[in-house]
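Dear colleague,

I am handing over the structure below, and my notes on what was found in it follow directly after.

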Amino acid sequence: MNYFSLELQDGVAVVWLDQANEKVNSISPAMIDECAELFAQIANNPEAKAVVLISRKKDFVAGADLQAILPITQPGQWEAVTRRGHTLLNLIEQSPKPVVVALHGAAMGGGLEIALACQYRIASDDASTVFALPEVQLGLLPGGGGTQRLPQLIGIQNALDMMLTGKKIYAEKARKMGLIDRTVNQYALLRAAKQQALAMVDKKIVRPSKLDTKSKLLESTAIGRSVIFDQARKMVEKQTHGNYPAPYKIIECVEIGTKYGIKAGYEAEIRKFDELVVHPVSKQLTQLFFAMTAKKKNPLAPIVKPIEKIGILGGGFMGAGIAEVSALNNLPVIIKDIKNETLSSAKSSIWKTLSEKIKRGAMLPHYAEQIINKVDTQLDYAHFDKLDMVIEAVFEDLSIKQRVLAEVEANTRESCIFATNTSALPLKDIAANAKRPEQVIGMHYFSPVPKMPLLEIVVTDLTAQRVIATTFEVGIRQGKTCIVVKDGPGFYTTRILSPMLNEALLLIEEGCDILQIDECAQDTGFPVGPITLIDEVGIDVGAHVIGGELVQFFKARGGDAFKQSNLIADMFKAGYCGRKNHKGFYLYDPKTGKKEKGKINPEIYTHFATAERIDMKNKDIRNRLLLMMTNEAMRCLEDGTLQSPTDGDIGAILGLGFPPFTGGPFRYVDSIGADKAVALLEKLADKFGKRFTPADILYEYAQTGKKFYQ
């Protein structure tokens, strides 16, 4: 067998999941067929009184084999597979011989759906044991009965929360909410599962509901359930703006099951899963998943220099975040700062994260202590001579960064790599006076560092290959998805973001309503609107960027190929910094500092000749924002800033929130066709200015019919 092995132990058929030649177990048509054959053998074996399902690998089941699903393009092609899976899980659920599942590590997607079909669930109390139905993140829905069994087990609201977010649930919380029945030590897992299976041979399990009184009342009536589903739809609409079909279909499946019975629910799940498998959104999200997975492998692995410990200069928000993702991934750090209070604050913020993990069962207390002990703090360069890499996270000022680089070179060994965390300052300028410019590299982290998955690695023509390889490896160890880009004004992400933000400011100057701009951006698929983003990042930061080399780079294109808005510079001079000083485009509560929903700062309009706002077409606003960013991404590939379209798509989505359902700027162009992209841009250029002139590469691809992904 390629997926399972069977052992008879003390009257229990122990079924080991152990997919041959793979690091993880995954669900495929072949796996389903082999499992059905195995359970038929067990059913006909009188010596097997009960069954235990358990994995030999570090995780239970990682989910479905997406490589098998991706090529499906026609409706109905996958339906037969889904029906076979349903038949198998119904067989397990209705087995006259008790089936107990023993769970350690991740039980994701179809792996959790297998567990849901079993009659009892025992999990290890290890921090690595985690449960999720993340299909929605791939544009799909749980296709193995999950939309029906999960609400029956943990309640409609809890089930919708899991399925609509794809969130992870750790073992202790899973036990409290009734997702699993019991937790035990990892090393007692098999023994406990066998004992439980035998105990159930002549005794049926009765589970009391773990819902609170309010939830029971709400979910027990048709009116209450209707309220739940209505609220769920409103939440999905607010978060997705209708761009993702999967959440709506998940709600529909659960609702059908509660209204018309579980058989109708299963049938709806099969049909709707089949619809989503061939939907363009699921294709784009699955391709993105594969691209991110591929980035977990270092293409320069053979020349990586081992890094045992890193230094971090600056214990502020960014420095503390970099230290956190390093220590959490077993990479010890030394944080150096000029103030003790900054160092204390950095360590406190890391401990706060660890405490939250302990609270939700994602980490054991003794392990948290080990992690925090990997973070050393100091005011000087003591012990820096033993480090192989130093990452600076000081203020975004060229002279400061040059001075810090000189200090590091004076206090470290010659082989030490100096990485600068900068979002816009050219690497060549930072390294202009470096003794070892080949060891200077950019590591552009995104804020907040623990939550943002992208790391933009910036290199010059002088950067040594071993330095690139080692930096990429450090990024992977920190849990980041890395792209390597060429040095230049704004690198890749800041360079394509800036024209879009500038366009939003031009729209305001033209008389467009601020709320309309942000709403159009969110309707297009961006997580936040550009004006909100400027307030969040800081008007002072924006003014600093537009006053630098990046704007000169755009202006060098000549003529009216770039039209600069001076709004943000004027606002900064007038004392506006955005959310950080409660003075920005939006109004902020003076006590809490939180943005007052839907309320614009009326003083903003005093910076214009008139405060009157004019009506603009939503379609024009959406196209101006989306295509301005897309066109600049094309130019980045054209001039070699990007190494590949894949890097461009990953960087735009993970770093800037470019609408994920499009697949990124390059897959977006492929989906609509380069000829249509050219036509849209030319129309905008005729109406709003030459800054929308299509990139040369778009003209080339439009004429030849080429695609960025063949």
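In helix 22 (residues 530-537), the residues Pro530, Ile531, Thr532, Ile534 and Asp535 are buried, where buried means under 20% relative accessible area, exposed over 50% and partly exposed in between (1.4 Å probe, protein chains only). Helices (H or I, at least four residues) and strands (E, at least two) are DSSP runs, numbered from the N terminus. After helix 22 comes glycine 538, whose phi is positive, near 125°.

Please bear in mind that this is a predicted model, in which local features need pLDDT of at least 70 and side-chain atom pairs count only at pLDDT 80 or more, while totals for chains, interfaces and linings use all residues. Residues are numbered from 1 along each chain as its sequence is written, and side-chain values use heavy atoms, with hydrogens and water left out.

The protein chain has 30 helices and 19 strands, and of its 710 residues 55% count as buried.

A search of the whole structure finds 37 salt bridges, a salt bridge being a side-chain nitrogen of Lys or Arg within 4 Å of a carboxyl oxygen of Asp or Glu. One of them joins aspartate 639 to arginine 495, with the closest N and O atoms 2.8 Å apart. This pair links distant parts of the chain, 144 residues apart, since aspartate 639 sits in the loop between helix 26 (618-638) and helix 27 (645-656) and arginine 495 in helix 20 (residues 493-509). Aspartate 639 is partly exposed, at 33% relative accessible area, whereas arginine 495 is buried, at 3%. Through shared partners, salt bridges join Arg495, Arg557, Glu632, Arg635 and Asp639 into one network.

With kind regards
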